[in-house]
Amino acid sequence: MLHTPAESTFLFSIDLEDIRLRLDNPSRYEERVPLNTHRFLDWLRRIGQKCTFFVTGDMAELYPSLIGEIASQGHEVACHTYDHIPLDKQTPSQFKRDLEKNISALLKAGAVKVEGFRAPIFSLTSQTQWAYQVLADLGLVYSSSVLPARNPFYGWEDFGFKPRRMPGGILEIPVTMGHFGPLVLPAVGGVYFRALPFPSIKRIVRRCQREGIPLVSYFHPYDIDAEQERYMTPGINESRFYNFLMYFNRSKVFERLDGIMRMGFPMGTYSEYVEKLKSEMA
Ligand SMILES: [Zn+2]
């Protein structure tokens, strides 16, 4: 098999959570997470690739067989906190307890080994970098929790665009950013991947290939759900504009993802990437 260097990896990932559970009355709306997760799993099987699922503890407890299925198909299962509370709303000791609960729920549901973490809403910033030591204390080895730019919600503006070693030896793999006029946006993630013009996204993919940095993405079960009934998304300050974007172009995601795969950026799990990087540096 041809050896692919670590940096030429498409780090495709799903943040497995149910935003419906953050609404006042979740049972009013249809449960859609298992259906959408299966659609992602079917697509991954069709293209013969493995990726990483960052899973909240509450999802692992609600759908243990789904998490078992993900793990048994060879995908990586990693942490996304127990119930999706951003890091700046937790103290270090609360976060430690939260993460312990998250890890044990994942293992109980069938995850083989838990090595990675993604903060809810990329809430790992210069103010919450104490979190790295907690990750290390609980035996994790990497994080992909930083959005290295200014952002209306969270962001770590001067982090830089490349993966780097953080306190406790944790490797932080920041999400891929692209320049759009005055804005710097995570072009291969959720809303942005759906809403930005596709030729501009491809330009960013080519730049990563040229510069030898991994393509770091994030998607959610709802990102592909064009049939979902509409409600105001929690956590976006009741903004009608953001809510419009939350539902925009969901039917185009797989078509666009197929377009990225045709560009020859082989997919891999985050933990494989971390391993490869380690052996290349040794
Ligand atoms: Zn999330």
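**Note on the predicted model**

1. Contacts between residues at least 6 apart in sequence were counted in the protein chain, and 76% of them join residues at least 24 apart. Two residues are in contact if their C-beta atoms, placed from the backbone, lie within 7 Å. This is a predicted model: local features need pLDDT of at least 70, side-chain atom pairs count only at pLDDT 80 or more, and totals for chains, interfaces and linings use all residues. Residues are numbered from 1 along each chain as its sequence is written.

2. Overall form comes next. The C-alpha atoms of the protein chain fill a box of roughly 50 × 40 × 40 Å along the principal axes.

3. The protein chain has 10 helices and 11 strands. These are DSSP runs numbered from the N terminus: helices are H or I with at least four residues, strands are E with at least two.

4. Of the 282 residues, 42% count as buried. Buried means 20 or more other C-beta atoms within 10 Å of a residue's own, with C-beta atoms placed from the backbone. The largest nonpolar core has 70 residues. The largest share of this core, 6 residues, comes from α4. Such a core is a set of buried Ala, Val, Leu, Ile, Met, Phe, Trp, Tyr and Cys residues joined through C-beta atoms within 7 Å.

5. L106 is among the residues with the most contacts inside the core, as are I67 and V77. Leaving out residues up to four places away in sequence, L106 touches V55, A60, I67, V77, C79, A111 and V114.

6. Helices α3 (residues 64-72) and α4 (residues 92-109) have axes that come within 8 Å and cross at roughly 75°. The two are therefore roughly perpendicular, a label for angles of 65 to 115 degrees. P64, I67 and G68 of α3 make the contact with L106, K108 and A109 of α4. Axes are lines fitted to C-alpha atoms, for helices over the stretch in contact, and angles run from 0 to 180 degrees between N-to-C directions.

7. Y142 lies in strand β6 (residues 142-143). With 25 C-beta neighbours inside 10 Å, Y142 counts as buried. Y142 and I170 are 28 residues apart in sequence, yet 5.0 Å apart C-alpha to C-alpha.

Conventions. Angles under 35 degrees count as roughly parallel, over 145 as roughly antiparallel, 65 to 115 as roughly perpendicular and the rest as oblique. A residue is buried if 20 or more other C-beta atoms lie within 10 Å of its own, exposed if 12 or fewer, and partly exposed in between; C-beta atoms are placed from the backbone.
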